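Thank you all for coming; I would like to walk slowly through one structure today. Please have the sequence and the model open as I speak.

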Amino acid sequence: YIGIPFCPTRCLYCSFTSYSIAQWKKDTDTYVEALCKELIAVSKMYNGKKLQTIYMGGGTPTSLEGCQLTKILDTVKTNFDFSNLLELTVEAGRPDSITREKLLALRDMGVNRISINPQTMQQKTLDLIGRHHTIEDIFESYKLAREVGFENINIDLMFAFQGQTLEDWKETLERVVYLDPDHISAYSLIIEEGTRFFKMYEEGSLTDYDEDAYIDMYRYTIDYLAEKGYSQYEISNFAKEGKECRHNLIYWDDKEYYGLGLGASGYLDGSRYTNYKYFPAYYQSLDFGMRPLAFEETISLEEKLNEYLILGLRKIMGISRAKYLERLKKIDQDKYKENLEIIEKYINSGHIILEGDHIKLSQLGLEISDTISLDLLLY
């Protein structure tokens, strides 16, 4: 994962590490140089291991110039082994940051997947969440990506926020399906601390969404997208055949990955880490020849099993029941017996489905996935 922390503007719901490109424009070359320095250092540390996927996110990577994006990807190509690379995704997140020149530069560097993140397809809801582009910009950026040759395009959507109705959401889905993307991500809004939405929530000018209305939207999403040829393979992700996001599957399969760039998180050699979120600390660490780590911890057996459970149950195919229980039995005999009963309870209630060796969440289970995971977690 490569983090680019610049955006045209900061959306009201955003909790990611991002800074206004207008305010930081003069510093983008400095950041690109520092990021390339980190890429080279990490490559040497791990002997340029073979990469299966690359995901450049943010922020909005296409806030940078085409030559800056090319420099970053050139550095990756020079220092890592691409012989096993299956997927190279760049978030062209904000439609107002996409140009033909940037898309051509990405295509020529071997990018084979683009993610466009409009979040909604009504002007009134774009305005509500703090977007400064139009519906026409969304259609134009998608058309441009197809014209330059991208055959794998994702569209990110968000639903269940104040001011959005079920009819609004239906219209958004219809407009997106009309575009015919290869992959659709549909996440419900979470009001995160530190965002403008959170401040509005504390002040009382924004309310959390009604749970029943959320469930209506979620059920409609699953049914409608299935009807249109999109298979649900994860709680919030839908794809045409063979177009599942390979990079995100690495997360959900609890595999290791590099995290590079300001505020990026990674998982290597049994440890999770997060880079500094502020430019001075990030730059200074690299200048001193150190990795810019703000946080690092070794994952215990209990934490690793919890992550296997939480991430695995996000996938529609679920997890191996035998593998999960075998690992649990070695860690905690009492919790092993307790979780056997909990799983059986959820099977009987129709929230968990047992298919052969696999346990997976039913439609009802997907709607309360957080509750089920909490019941099964080791503490």
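This is a predicted model: local features need pLDDT of at least 70, side-chain atom pairs count only at pLDDT 80 or more; totals for chains, interfaces and linings use all residues.

Let me begin with L311, which sits in helix α12, residues 301–314; helices here are DSSP runs of H or I with at least four residues, strands are runs of E with at least two, and both are numbered from the N terminus. Leaving aside neighbours within four places in sequence, L311 is in contact with Y251, W252 and D254, where contact means heavy atoms within 4.5 Å. L311 and R196, in turn, are 115 residues apart in sequence, and their C-alpha atoms are 28 Å apart in space.

Residues are numbered from 1 along each chain as its sequence is written, and side-chain values use heavy atoms, with hydrogens and water left out.

Now to the chain as a whole, which has 16 helices and 16 strands. Its radius of gyration, taken over C-alpha atoms, is 21 Å, close to the 21 Å that the globule rule gives for 379 residues, so the chain is as compact as a globular protein of that length; that rule is 2.2 Å times the number of residues to the power 0.38. Along its principal axes, the C-alpha trace spans about 60 × 50 × 45 Å. Of the contacts in the chain with a separation of 6 or more, 68% are accounted for by residues 24 or more positions apart.

How much of the chain is buried? Of the 379 residues, 53% count as buried, and by that word I mean under 20% relative accessible area, with exposed meaning over 50% and partly exposed in between, using a 1.4 Å probe and protein chains only. The accessible surface of the chain comes to about 17,400 Å², of which 51% belongs to carbon and sulfur atoms; these areas come from the Shrake-Rupley method with a 1.4 Å probe, and for residues only the protein chains shown count as cover.

Next, the aromatic rings. Rings of Phe, Tyr and Trp (its six-membered ring) pair if their centres lie within 6.5 Å, and planes under 30 degrees apart count as stacked, over 60 as edge-to-face and the rest as tilted. By this rule the count comes to 19 aromatic pairs. One of them joins Y1 and Y55, which are stacked at 6.3 Å centre to centre with 15° between the planes. Y1 lies in the segment before β1 (2–4) and Y55 in strand β4 (residues 53–58), so this pair ties together parts that are 54 residues apart in sequence. Y1 counts as partly exposed, at 21% relative accessibility, whereas Y55 is buried, with a relative accessible area of 10%.

Another pair is that of Y282 and Y283, which is tilted, with 6.1 Å between the centres and 55° between the planes; both of these tyrosines are buried. Ring pairs also link F6, Y19, W24, Y31, F279, Y282 and Y283 into a cluster.

Let me turn to the backbone. Most residues other than glycine have a negative phi, and most peptide bonds are trans. Against that background, which two residues does a cis peptide bond join? The residues are G58 and G59, with omega at about 15°, and G59 lies in the loop between β4 and α3 (66–79). A160, although not a glycine, has a positive phi of about 70°; A160 is found in the loop between β7 (153–159) and α7 (166–179), and counts as buried at 5% relative accessibility. D269 also has a positive phi, near 50°, and lies in the loop between β11 (265–268) and β12 (271–275), but D269 is exposed, with a relative accessible area of 55%.

I will finish with two serines. S236 lies in the loop between β9 (231–234) and β10 (237–239) and is buried, with a relative accessible area of 7%. Not counting residues up to four places away in sequence, S236 touches I184, S185, A186, Y187 and R314. S369, in helix α16 (residues 369–376), counts as buried at 14% relative accessibility, and its contacts, leaving aside neighbours within four places in sequence, are I235 and L361.
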